[in-house]
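Trainee: Could you take me closely through one part of this model, the open sheet and what packs on it?

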Amino acid sequence: MPKSQVVNPKDARKSGQIEFKPIPVNQYDKSIKDELKRYSKEDMVRMQRDMMIIRTFENMLNEIKLRGSFMGIEYMHKGPAHLSIGQEAAAVGQAYHLGIDDHIYGSHRSHGEILAKSLSAIEKLDDKTLMDIMENYFDGQCLKIVEKDATGDVKDLAVDFLIYGTLAEIFGREAGLNKGMGGSMHAFFPPFGVYPNNAIVGGSGDISVGAALYKKVNQKPGIVIGNIGDASSSCGPVWEGLCFATMDQFKKLWDESHRGGLPLILNFYNNFYGMGGQPEGETMGFGMLARLGAGINPEQMHAERVDGYNPLAVADAIARKREIIEKGEGPVLLDTITYRYSGHSPSDQSSYREKTEIESWQEHDPTVHFGKELVKAKVCDQAKLDEILEKAEQMMAKACKKAVDMTISPRADLMKQNNLLQQTMFSNECVDSLDPGREPDVLIPTIEENPRTKSLASRSRSAFDENGQRLKDTRCIGVRDALFEAIIDRFYTDPTLVAYGEENRDWGGAFAVYRGLTEALPYHRLFNSPIAEAAIAGTAVGYALEGGRALIELMYCDFLGRAGDEVFNQMCKWQSMSGGLLKMPLVMRVSVGSKYGAQHSQDWTALCAHIPGLKVAFPATPYDAKGLMCNALSGTDPVIFFESQRLYGYPEEFVEGGVPKECYSVPFGEPAIRKEGSDLTILTIGATLYRALDAAKELEDKYGLSCEVIDARSLVPFNYEKVIESVKKTRKILLASDACERGSFLHTMASTINTLAFDELDAPPVVLGAKNWITPPDEVEEAFFPYPADFLDTIHEHILPLKGYTTVRDCSGTQIIDNHKNGI
C-alpha cells in the first residue's frame, strides 16, 4: 500500500491486451564434441561416474526393499524408499555448476539430488576443507566409521563418507547425516549445500522461496534451487510461494542495494506422474508445465522446458539461468523432464502405466546413452565405463555392510531418559544476534529518535499513578505498545530479523503493533506479503533454516488453517529431524478476536499446543507481552505467539513499577500468581484472566470464598509446580479460557493436575471454556465466552455449592451429557 504507487483509473480502464513470449522447449542441441570446449574429458567422465553412483545406490535400495538383500548383504528395511532410478541425469546436470553456497531443497524422492550435489561439492573443495567438514560434523561420528577401512585420497574418503552417511540415515542409524531422525525422505547435508528434503508434496515450494529471501535480505552469496515434482504444481503452498517469490516490490520498492529479484530457481522435476496420476493430460490442464511461468509475472519467470535425460542440457540451463539471477532478474522456473522407472515406491506395481511405456524410456536411459556418447566421442573407452560401474558397486557394498551392522551403526537409544529426541525437540538457546558483528539496517539511528517511542515516553508505564490511583488506559503503556517496544529493540539488535505478513508496512499491522516501524526500517526488513498464509509461514521456515530470524503475522488466529502444513509439519519438526543440527528462530504472531463472528474470533491454542516442537505463548499483560516477545525474538525455537484483541489497550496492573523501558525476558513455562487465595485455585489462559478476577472478587465479597488466580502466560512449555503448590493449599481448581471447551488445552492441563495431585484434591479439576458452537455476533457473545456468571455457575455445580446461589445457566451433569449427545 505504498502511497508512491498511485492507482490511476484511466490506466486501469484502458483497453488493450496481454502479450506472451514463446517459452523455450528442449532447445539444447549441442553434442559432446561441441561441449569439449566448455568441459574437460575428466568433467564428462565425472558426470557419468556420478550418474552411475546414484543409479547403483538406488538399485541397492530397490533390491533391499524388494528382496531383503544386496550382493549377499541381508537386511529388511521397514521404512520408505522413494527411488529416482531413471532421473540421474537431471540431478547430476543441475549440480555440476553449483557450489556449496548454492543451496538445494528437495522432495521425498531426493536421494539422487543429495548425492549429485554432494559429489559436485567434493570435487570442488580442497582436502583440508573436506577434512574439516567431516571431522566437525556431529563430532566426526560418521567419519570415524568410514575411515577405518578407507583407501585412496581425501576425496575418495569424502565419497565413502557421503554414501555411508546417506544410507545410514535412510536406515535410521545415529551415524547418519541427521542422526537417523530424518530418514529417506528428509535426509540432507548443509556443509555441501544440501538443505532439507521434504516428505510433503510441494513442501519445498515455499520453503525454498524463504531461503532465497534470506540470501537477498542479508546479501549472502549463492542461489537457491527448490526441487519439487510436477504433481506439486497443483499444491496451494507452491502457488503461494510462486506469488511471494515474484512480488513486484523486490524490483520496484526495495532500496537500491537490495533491489532485484530473488536468487531462486524453482525447478520441477517432471517425471510425468504424481503417484499414479498424470498432471499432463489428466489431473492438470496446463498441457506443458513450463506454461505456468507465463501466468506469474511479465518475465514469465524465464520459464523453460529442459531435457533432463541429458546432463549437459541441464547443466547448460542452470548456467544460463544463473546469469539471469545474477543480473537481479530472477526468479526462474524450470520444467526439467525426466522419468522414473520404478513405481512411486517399491510397493507400487505401476498398474497405471503400460510396460511398453517404461521400456520406451529405458531405451533412452541416460546412464547408458551418455556413456555410449562418451565412447563415441573418444572421451573414454568402454573399459573406463565398466570400471566406474564396478567401483560404484564396491562402494555400495562397503557402505551397506556397515550400515546394516548394529554393532557398527547403532540406532539412537530413544528409551533412555534425556535421549536424542528429548534433547532436540527444542534448542532452547538465547542468541541476541544471528549475525554478530554486522550492524542492522535501519532508517532512524536510534530507538529513542523513533516518533512512536517519543510519543510513548509521556505515558505511564503502569496502570496506576504514584498515589495508586487507576489511570485511564489511553494514558498508559498497553499491550500493543509493549509488543512494539520489544520488537523494535530486537530490530536494532539482530540484523537478520525481518517482519512481514498482511498489512505490516505503512498500515502498521491490523492492530497497530507495528506503527512506528515503517519510519525506522527499510523495505527489506519490514514488508507486506501477499494474502498467502501458507507462503508467509513457509517462507519464514526457509528463512530460519538458512540462519535468519523471522517475525511473521497471520493477523487472525482463524487463518492458521490456511498455513496448516507449514505450522504443523514444517516449522515444528526440522530441529529434531536434523538431529539438532538446525535451529528454527521463528515467531508467528496470531491474534484471538472477540467481536468478528465465527471465522475471526476463535482461540486455537489447543491445535498449536498439541503439535510437538512448537512453543506456545499467550500473554495477558503488557509486562508479559514485552518479556515473552523479547524472549521469543532472542531464542532459536519456533513460537506461536497468541495475542488477544481484547487486551491490546490494557495497561500493566500486576507488576510494581509497570513495564520496564529496557528489554527483558519473561521465561516460557512459568505461570504467574495474579491474586493469592486459600479456598479455590483458578488457572486461566489469555484474556479470561480478567473475567476470572472479576468472578474471584464476587466470590469473595458475596460468598467469602478466597480464590487464588494464576495466569498461565504460556502453554508450551509449562511448569506445573506453582499450580500444584496452589492446589495443595486450596484443594480445588477451576481452569478457564476462551477456547471452545471440547478439545481445549485446559483438558490436558486438568488431566496432568489430576495425575500429579490426585490425593490433594477435594473435587475433580473442572474446565470452563467457550460453548462448543460457532462464535456468535458481538452483540450476544456473553452467551458464548466465559463471563463471571459462568465461573460462579460452574463452581456452584461442580466444585463447591455456594450458599443461596442460583445458577444463571444450567451447567449440571445432566446438561453436559445432553450437550455431548447433541455434539455441542
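Mentor: Two strands count as paired if DSSP finds at least two bridges between them. With that in mind, and remembering that this is a predicted model, start with strand β16 (residues 680-684) and strand β19 (residues 733-740), which pair in the parallel sense over four bridges. To place this pairing on the residues themselves, look at Ile682, whose bridge partner in β19 is Leu734.

These two strands belong to an open sheet of five strands, arranged in the order β15-β17-β16-β19-β20, in which the pairing is mixed. At the edges of the sheet lie β15 (672-675) and β20 (766-770), each of which pairs on one side only. If the direction of the strands is ignored, neighbours in this sheet are turned against each other by 25 degrees on average.

Two helices then complete the picture. Helix α26, which covers residues 745-757, packs on the sheet and touches β16, β19 and β20, and the direction of α26 makes about 160 degrees with that of β19.

Note on methods
Residues numbered from 1 in each chain as written. Predicted model: local features only at pLDDT ≥ 70, side-chain atom pairs only at ≥ 80, totals over all residues. Heavy atoms only, no water. Axes fitted to C-alpha atoms, helices over the stretch in contact; angles between N-to-C directions. Contact = heavy atoms within 4.5 Å.
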